[in-house]
Amino acid sequence: MCQVEFELACAAIKQLKGPVSDQEKLMVYSFYKQATQGDCNIPSPPATDVKAKAKWEAWNENRGMSKMDAMRIYVAKVEELKKKDTG
């Protein structure tokens, strides 16, 4: 696994044409944040900000995961979404 594969996956996700569920978006987001920034380092947003709270919780679930592991999982998830996108 290398940075190039991760960057290619980051570009590929933007090219998907098919629908991506909110759950899939949250999962990919959480691994992206873990891979690029490490453990969640911001306070939990208020429950009234539902979208921000969901994103924070998804990222925070990956606490303790290495950046390299997060990159690997991110690339694998993007590959799954690409296969689903092309049918």
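Me: How many salt bridges does the count come to by this rule?
Reply: This is a predicted model, in which local features need pLDDT of at least 70, side-chain atom pairs count only at pLDDT 80 or more, and totals for chains, interfaces and linings use all residues. Residues are numbered from 1 along each chain as its sequence is written, and side-chain values use heavy atoms, with hydrogens and water left out. A salt bridge is a side-chain nitrogen of Lys or Arg within 4 Å of a carboxyl oxygen of Asp or Glu. By this rule the count is four.

Me: Which residue meets R72 in a salt bridge?
Reply: Side chains of opposite charge can pair when their charged atoms come close. With an N to O distance of 2.7 Å, the partner is D69.

Me: Is K77, which forms a salt bridge with E80, buried, partly exposed or exposed?
Reply: The closest N and O atoms of K77 and E80 are 3.9 Å apart. Buried means under 20% relative accessible area, exposed over 50%, and partly exposed in between (1.4 Å probe, protein chains only). The relative accessible area of K77 is 23%, and therefore K77 is partly exposed.

Me: Which element gives the largest share of the lining of the largest pocket?
Reply: A pocket is an open set of points on a 1 Å grid over the protein atoms alone, where a 1.4 Å probe fits, with protein on both sides within 12 Å along at least five of seven lines; lining residues have an atom within 4 Å of a point. The largest pocket holds about 240 Å³ of space, a volume being the space filled by probe spheres set on the points, which are joined across faces, edges and corners. Helix 1 (3-13) and helix 2 (22-37) are the elements that give two or more residues to its lining. The largest share, five residues, comes from helix 2.

Me: How many charged residues are in the lining of the second largest pocket?
Reply: This pocket, with a volume of about 160 Å³, is lined by D22, K25, L26, Y29, K51, A54 and K55. Ala, Val, Leu, Ile, Met, Phe, Trp, Tyr, Cys and Pro count as nonpolar, Asp, Glu, Lys and Arg as charged, and the others, Gly among them, as polar. The lining has three nonpolar residues and no polar ones, while the number of charged residues is four.

How values were computed. Helix = DSSP H or I, 4+ residues; strand = E, 2+ residues; numbered from the N terminus.
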